[in-house]
Protein chains: 2
Amino acid sequence: MIVPIEQRYSKTTASMRHSFIREILKVTKDVPGMISFAGGLPSPESFPKELLGGLFSQVIREEGDEVLQYGNSDGDKVFKETIKKFEEVPYLSDEEIMITVGSTNGIYYFTRTLIDPGDIIVCEAPGFPGSLAAMEACGARMIGVEMDEYGMIPDLLHKILGRLSQKNEPVKFLYLIPEFQNPSGRTMNLARRRAIIQVAKEFDLPILEDQPYRELRYDGKRIITLWELARTEFNDPKLVTIAKSFSKILGPGLRLGFASGPPEMLGPMVKWAQKSTVSPDCATQRVTARFIEKGYMRDHISKIIDLYRPRRDAMLKALESYMPDGAQWTVPEGGMFIWVTFDKDIDTDRLFDLAIENKVAFIPGSKFYPEGTIKTNEIRLNFSYATEELIDEGVQRLAQLL
Amino acid sequence: MIVPIEQRYSKTTASMRHSFIREILKVTKDVPGMISFAGGLPSPESFPKELLGGLFSQVIREEGDEVLQYGNSDGDKVFKETIKKFEEVPYLSDEEIMITVGSTNGIYYFTRTLIDPGDIIVCEAPGFPGSLAAMEACGARMIGVEMDEYGMIPDLLHKILGRLSQKNEPVKFLYLIPEFQNPSGRTMNLARRRAIIQVAKEFDLPILEDQPYRELRYDGKRIITLWELARTEFNDPKLVTIAKSFSKILGPGLRLGFASGPPEMLGPMVKWAQKSTVSPDCATQRVTARFIEKGYMRDHISKIIDLYRPRRDAMLKALESYMPDGAQWTVPEGGMFIWVTFDKDIDTDRLFDLAIENKVAFIPGSKFYPEGTIKTNEIRLNFSYATEELIDEGVQRLAQLL
C-alpha cells in the first residue's frame with residue numbers, strides 16, 4: 001500500500017493516548033524478586049477453580065444445545081433472573097438489566113450511547129484510568145473534581161458544573177466509583193451520596209455508578225447505592241445507571257459484568273453490544289447463574305473477604321511501622337487499594353524508577369488524573385495480590401527510599 | 001430527569017438503524033410447526049459438547065490460576081500459537097494476530113480504527129447485515145457493488161471507485177466475504193480474487209476479508225485467501241486484514257474469533273479492545289487451544305461437513321423439485337446459505353408475510369442491501385439448521401405460495 005496505514009486512522013483512533021499503566025505493569029511483570037503493589041489483580045487463591053470447573057463441565061454437557069448457540073445481546077434470561085435474586089431486586093424488568101463482557105464493557109457502551117467527540121464527562125480526581133481511557137477514546141473531555149475522605153466534594157462539583165453550564169459546555173454525565181474507589185480506596189458515606197445526587201439533579205445530569213468492588217467489604221456496614229437512592233428517596237429511576245462486575249469475585253479471565261438502568265439507556269447500549277460482540281459468552285453466563293443458584297456465591301465471597309482483610313490490615317500496619325512522618329494514607333473499608341499521600345516535595349514519578357531498581361512497584365498518582373489536575377506526590381498501592389509477608393517486606397523497602 | 005434520555009443520545013446512537021432481521025427472527029422463533037430457513041444458526045448437533053465439557057473442567061481446574069486472571073487484550077499467547085499451527089502460518093508474529101470476542105468484534109474494531117462519520121466502505125451487494133450494521137453504527141456510508149456468480153464484479157468496482165475518487169470521496173476500505181458469502185452463498189474463484197486485489201491496489205484501498213465459513217467446504221478445492229494472495233503473489237502484506245470465527249465450528253455461544261493483519265492495523269484494534277472488553281474470555285480461549293492441540297478440530301470439522309452437506313443437497317434437490325420456472329438459485333460449495341432469485345414481479349417482502357402464515361420462514365433479499373441498491377425479488381435460505389426432512393417440507397410449502 002502507498003499511504004501508510006497510520007495516516008488512514010480515524011480521528012478518535014489517531015488521538016488515542018498511550019496507556020502508561022500498561023507500560024508500568026509490563027516493567028514490573030516477571031521480574032524475579034519484584035514485590036508488586038502496582039496491578040489491580042485479584043489473588044489466584046480467590047478463584048473457585050473446583051466449583052467452576054465442575055459447573056462448566058455440567059452446563060456444557062447438559063445445556064450445551066442452548067449455551068453453545070447464539071445468545072441474546074442483552075444477556076441470558078436465566079442469568080438475569082439469578083442476578084435479580086442475588087442483588088435482591090426482583091422487581092426489575094429484563095429491559096433494566098443488561099449483561100456485559102466485564103463491567104468496562106458496560107461503561108464503554110454507556111459512553112458510546114451518550115458521547116459525541118468534545119462532550120464532557122465529570123469524574124473523580126483521582127479516577128480510574130481504565131474507564132477514563134475508554135471515555136477519552138470515544139472523544140470525551142474528562143473534567144476531574146477533587147475528593148476528600150468521603151469522595152467527590154459536592155460543593156466543588158456544584159461550582160464546576162455551574163461554570164460549565166454558564167459557558168454552555170456539553171456536559172453529558174457524571175462518572176463515580178462510590179465504594180472503595182479505584183485508586184483512592186475511599187467510600188462515599190450516605191450524606192455525601194445524597195448531596196451528590198442532589199447536585200446531579202439540579203444540573204439534570206445522568207450518573208454512571210461503577211461498583212466493581214461492592215461485595216468486597218471488610219469493615220463497616222453496606223451503604224445504599226446511588227442507583228437505589230435515586231430510585232427510592234429521590235423517586236428518579238432514570239437518573240443512575242450502575243455497572244457491576246464478576247471480575248473481583250469469580251475471576252477477571254471470565255469476562256462478565258452487568259449494567260442496570262433505565263430501558264432508554266440500556267436499549268441503545270444493547271444495540272452497541274450487538275454490533276461489537278453480538279453477546280457475552282453464553283456458557284460463562286449460565287455457569288455463573290448456576291454458581292449463584294447453588295448458593296456458592298455468598299460463601300465464596302466470605303472466603304475472599306477472609307483472604308483480603310488480613311492483607312489490607314498487614315499493609316496498614318506496615319505503613320504505620322515504616323512510613324516517615326508526613327506520609328498519610330486512606331483506610332479503605334473494602335476493595336483492593338490504599339492511596340498514600342506524601343509531602344509535596346516528593347515526586348512519585350521519580351520515586352517509581354528508584355522503587356523498580358529496588359524491586360518494589362506501585363503506580364504513581366499522576367497516572368490517575370484527568371489532564372490539567374495532575375498531582376505528583378501520591379501513589380496507589382494494591383493489597384489483594386501479595387501475601388502478608390510480602391506486603392510487610394515491600395512497604396518496608398518502599399519506605400526506605402523516601 | 002428533565003430532558004428525556006433519548007434527546008441525550010450521541011449522533012451515532014441517534015442515527016442507528018433498526019435491525020429488521022432481528023425483528024424477523026423474533027416473529028419466526030418458537031412458533032409451533034414453523035420451518036425456519038431464516039436464521040444463520042449452526043445446528044446444535046454440530047456442538048462438541050462432551051469434548052468441550054471435559055476440556056473446560058480440566059483447563060479451569062489445572063490452569064485456573066492463569067485463565068481466571070486478567071488476560072492480554074490481544075489474546076492468549078498459548079491460543080495464538082495453536083492458531084498459527086492450525087492455520088499453517090507459523091511465520092506470523094504475535095503482533096499480526098489478535099483474538100476477538102467473535103469475528104464481528106474484529107470487524108467492529110477494524111471499522112473503529114479507520115472510519116470517521118461520513119467515510120465510505122465499499123462492500124458486496126447483497127452483503128452481510130451484521131457487519132453492515134456495525135459499520136453504519138460507526139458512521140460509515142456503505143456503497144454496494146453488484147455481484148455475479150463469482151462474487152463482486154471487478155469492472156463495476158473499478159468504475160465505482162473511479163467515480164468516488166474523482167469526487168474526492170473518503171473511501172476507507174473494501175469489505176468482502178469471498179467464500180460461501182452471506183447471504184448469496186457465492187465463492188470468488190482465483191481469477192476473481194486476483195482481479196479484486198488488483199483494483200484495490202490501483203486505488204490504494206485496504207481490504208477487510210471476512211472468512212467465517214471457510215472451514216465448511218462441501219465440494220471443490222480450497223482457494224487461497226485474499227490475505228495470503230496479497231502477502232505472496234502481490235507482495236503486499238499490509239493490504240488485507242482477515243477476520244475468522246470459531247462460531248460456525250465450535251458454537252457461537254462461545255464468543256471467539258481472530259483477526260490477522262499488519263501490526264499497524266491490529267495495534268489500534270487491540271487498543272479499542274482494551275477499552276471495550278479488556279480481553280476475550282480467557283478460559284474459552286485456552287479451552288479452544290487445547291481442543292485444537294489435542295487434534296480434535298479436524299475430525300470435528302469433518303463431522304460438521306458430513307452433517308451439513310446432505311442438508312445443502314436436500315435443499316438444492318427440493319428447489320429443483322418444487323420451484324416454479326423462472327426461479328434461480330446459487331449452488332454454494334460450502335457455508336450455510338442458498339440465494340434464490342425469482343421473476344422481477346415477485347415481491348419477497350410480501351411473500352414473507354404469506355410464508356409466515358404458512359409456517360415457513362426466510363429472510364427477504366431486500367434486507368441485505370445497502371441503501372440505494374435494494375432488490376426485492378430475492379430470498380436467503382439457510383440450510384444448516386433444519387433436518388433434511390424439514391428442508392424438503394419447507395421448500396415445498398414455500399414453492400406452493402408462488
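Guide: B:Pro126 sits in chain B, in the loop that runs between β3 (120-125) and α6 (129-137). Keep in mind that this is a predicted model. What makes the spot worth a stop is the peptide bond joining B:Ala125 and B:Pro126, which is cis, with omega about 5°. As background, most peptide bonds are trans, and most residues other than glycine have a negative phi.

Now follow the chain on to the helix that ends this loop. α6 of chain B is among the elements that each supply at least two residues of the side touching chain A. The contact as a whole takes 69 residues from chain B and 69 residues from chain A. Besides α6, the helices of chain B that each give at least two residues to that side are α1 (11-14), α3 (49-67), α5 (103-114), α10 (263-276) and α11 (282-293). The largest share, 12 residues, comes from α3(B).

How do the two copies face each other? 100% of the interface residues of chain B are also interface residues in chain A, so the copies meet through the same surface.

Over in chain A, the peptide bond from A:Asn182 to A:Pro183 is cis, with omega near 15°. A:Pro183 lies in the loop between β6 (171-176) and α8 (190-202) of chain A.

Then there's phi. B:Asn168 isn't a glycine, yet its phi is positive, about 60°. You'll find B:Asn168 in the loop between α7 (154-166) and β6 (171-176) of chain B. B:Asn168 has 7 C-beta neighbours inside 10 Å, so it counts as exposed. A:Asp204 is another non-glycine with a positive phi, about 55°, and its place is the loop between α8 and β7 (207-211) of chain A. With 13 C-beta neighbours inside 10 Å, A:Asp204 counts as partly exposed.

Note on methods
Residues are numbered from 1 along each chain as its sequence is written. Chains are lettered from A and ligands numbered from 1 in the order in which they are written. This is a predicted model: local features need pLDDT of at least 70, side-chain atom pairs count only at pLDDT 80 or more; totals for chains, interfaces and linings use all residues. Two residues are in contact if their C-beta atoms, placed from the backbone, lie within 7 Å. Helices (H or I, at least four residues) and strands (E, at least two) are DSSP runs, numbered from the N terminus. A residue is buried if 20 or more other C-beta atoms lie within 10 Å of its own, exposed if 12 or fewer, and partly exposed in between; C-beta atoms are placed from the backbone.
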